[in-house]
Amino acid sequence: MFETALTDLWYGFGVALEPHNVMWCFIGVFAGNMVGVLPGMGALATISILLPLTFGIKPVGAILMLAGVFYGSQYGGAICSILLNLPCHPPHAVTCLDGFPLTKKGRGGAALGITVISSFVGASWGITEMIFLAPILVEVALKFGPAEICSLMLLGLLAGSTLARGSPLKGVAMTLCGLLIGIVGSDIETGTPRFTFGIPNLFDGVEIVALALGLFGIAEFMKSVNQLSEVDTKYTNIKFKDLRPTRDEFRRAVPAMFRGTIIGSLCALIPGTGPTIASFISYAAEKKFSKTPELFGTGMIEGVACPEASTHSSVQGDFIPTMSLGIPGDAVMALILGALMIQGIVPGPQLISEHPDIFWGLIASFWIGNIILVVLNVPMIGLWVKLLTIPYKFLYPSALFFVAIGVYSTNNDMFQVGETVLIGIIGYLLLLLDFHPAPVLLGFVLGPRFEENFRRAMLISRGDIWVFVKHPISAVFIGLCVLLIVMQIYVRLRAPKALPMDMPLGTDAKIPEAAE
Amino acid sequence: MFGQLVKKRDFYAGSVMTLFGLAVALDSMTYTLGTLTHMGPGMFPLMLGITLTFVGMLITGTALFTPLSNNENILPRQKEWRGWFCILAGPILFIVLGEFFGLVPATFACVFVPALGDRTATLKGSAILAAGVTFFGVLLFVYVLKIPFPMFRLGS
């Protein structure tokens, strides 16, 4: 197994090192990093906006670029949170706690330097995990019948909607809405148009680009307009030589980094617990480990190293279920999977054997991309820091143009631009009602396959709904679903105020919430 | 109790979901339902609609039992009518102008009008921004990505 993994990896590097693939990876990382640094642009908004640009590229290049955009924007977001105290991506809310005090002490550069190293360590571990775990998962998953796939999807959907932030009930409601939006269009088996209101443009269903840009573009702009005050740039004068941590800082950061990496990779294994939860748990754990927990929040380098390492290790880990089972853990993964589907690639356990170039190329490109990130960020930090001063009032109009033309260029259809505006308005109303729209995307991407497998399972079992409990593997997944629900109810009833998940919400108060 | 209830955000959140679920469930009855073995196009949406109605009622239910917090304004404290209007006007102008006059005017309007939504925006500043985005946008989308969209045209 070890040997085949290495041969496959070797092959992957061959794919990823083809000049045009390196170029797409570089463009993705660069664009992601650039947009991610901009205050007020989260990772989801960044990927949604750049998604239409990838449609003209071959599948391998497109996926390498999108993945690059994702971790590039993650990294860019870290710069923004450490230097400006503006976490545009939820996992960074924790990085702010100690990152910004460090900046105030004049050690912001060192915090950034440690972030670069931690991200790289965390990501490398996550990638290694992916190399060895994904093929095993695939081997198991290939034996799954429709009933098993169905229950597994149910588990994924439930975990993705209840473990995200906000009320779990509302998360479930959003997932259901996403599943329903996924139904719009012609029925796969009979061809009956469903919920199309007689509009022919809707027969092919709602476009994922329109949905993502409406929810994470237009709705977010409506929420943030005139809300982001002028950023305070007095600490942002960071140069290359400032990045070097002192020997003492380095000595304290290294063990924290490794602890964060382990916690992050464990979190990635539990479906639904993405980077946000990983970063919060690791910060709490680091505080426990520390001999001076009372100093956390005043600028401890461990408080930056640990969550950053765990975020990146869990981000890479999140790719495991996405690529090997076709079940995304959060909205970002749903978008990447959606992009694959637009390219005509069917996600699921057969992906690795049918498109080894995509899978192994992606893994190899993670390393290449992370090295590009280090190369881009260390010497050019001054440039990125300059981007922080671009005010939001110039950003969102430009972004709106990218939204409009991006949606248009997907199918050369103006109708979809209108669709995006409408989804944007609905998305904003949902935000006002305290719904977080990220699970919508999860439901939307999984919806059609969920229905298909559900129908097939029913057909095979001749309408016996208990088939999901009768098959042992499926029963385990259903059991986990029930456990998840019971756990949520128990936690809510026991301590409605002191939820660990509410900690991020507390810190969110001063944050202009960009998309999750 | 009811007087308090109508002030709560979750009351509306739950009601919206309940109504939406009901509407979906009722509408999916108009499609063929089929049997569990051979499910028609209406069966799956019906199931989702019923579940959503149920979840919506649960959300309303939790609103009943949580005390009223003082942060229950549904609309934000500052109503950004100008901002909201300008942001929505941007893509709509993009559709109209793009359909009849081409990419360049559409792009300009799509950046210029939303830019005015910011309270500190000036006509001159917005125009400069719009011109800049138009220039680079056209360069990127027409010359690099080559999307089939004429830069100028008259009539659709």
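1. Let me begin with a stretch to treat with care. Over residues 497–516 of chain A, pLDDT stays under 50, and the model has 36 contacts beyond four places in sequence for these residues. Please keep in mind that this is a predicted model. Helix α22 (residues 502–508) of chain A has the lowest confidence in the chain, at a mean of 37. At the other end, confidence in chain A is highest in helix α18 (residues 415–432), at 91.

2. Chain A averages a pLDDT of 82, with 93% of the residues scoring at least 70. For chain B the mean pLDDT is 84, and 91% of its residues reach 70 or more. For the complex, the predictor gives an ipTM of 0.91 and a pTM of 0.86.

3. Which elements give two or more residues to the side of chain B that touches chain A? In the model, 55 residues of chain B are in contact with 50 residues of chain A. On the chain B side, the elements that give two or more residues are α2 (9–28), α3, α4 (81–100), α5 (103–115) and α6 (123–144). Of these, α4(B) gives the most, with eleven residues. By class, this side of chain B has 36 nonpolar, 13 polar and six charged residues.

4. One helix pair across the two chains is worth a look. Helix α8 (residues 168–183) of chain A packs with helix α3 (residues 43–65) of chain B at an angle of about 155 degrees, their axes 9 Å apart. That angle is over 145 degrees, so α8(A) and α3(B) are roughly antiparallel to each other. Their crossing is left-handed. From α8(A), the contact includes L169(A), V172(A), L176(A) and I183(A), and α3(B) brings, among others, F44(B), L48(B), V55(B) and I59(B). The residues of this contact divide into 14 nonpolar, three polar and one charged.

5. Within chain A, helix α7 (residues 146–162) and helix α19 (residues 438–460) also pack at about 155 degrees, with their axes 8 Å apart. These helices, α7(A) and α19(A), are therefore roughly antiparallel to each other, and their crossing is left-handed. Among the residues that meet here are I149(A), M153(A) and L157(A) in α7(A), and L442(A), L446(A), F450(A) and R456(A) in α19(A). By class, the contact of α7(A) with α19(A) has 13 nonpolar, four polar and one charged.

6. How do α6(A) and α15(A) lie relative to each other, roughly parallel or roughly antiparallel? The axes of helix α6 (residues 108–141) and helix α15 (residues 356–377) of chain A come within 10 Å and cross at roughly 175 degrees. That makes α6(A) roughly antiparallel to α15(A). On the α6(A) side are V116(A), F120(A), A123(A), I127(A), M130(A) and I131(A), which meet I363(A), F366(A), W367(A), N370(A), V374(A) and N377(A) in α15(A). This contact has ten nonpolar, two polar and no charged residues.

7. A last point concerns the layout of chain B. It is divided into domain 1 (2–65) and domain 2 (81–144). The C-alpha centres of these two domains of chain B lie 39 Å apart.

Terms used
Residues are numbered from 1 along each chain as its sequence is written. Chains are lettered from A and ligands numbered from 1 in the order in which they are written. This is a predicted model: local features need pLDDT of at least 70, side-chain atom pairs count only at pLDDT 80 or more; totals for chains, interfaces and linings use all residues. Domain bounds come from an automatic or database domain assignment. Axes are lines fitted to C-alpha atoms, for helices over the stretch in contact, and angles run from 0 to 180 degrees between N-to-C directions. Helices (H or I, at least four residues) and strands (E, at least two) are DSSP runs, numbered from the N terminus. Angles under 35 degrees count as roughly parallel, over 145 as roughly antiparallel, 65 to 115 as roughly perpendicular and the rest as oblique. A crossing is left-handed if the near helix is turned anticlockwise from the far one by less than a right angle, and right-handed if clockwise. Two residues are in contact if their C-beta atoms, placed from the backbone, lie within 7 Å. Ala, Val, Leu, Ile, Met, Phe, Trp, Tyr, Cys and Pro count as nonpolar, Asp, Glu, Lys and Arg as charged, and the others, Gly among them, as polar. pLDDT is the predictor's confidence in each residue, from 0 to 100.
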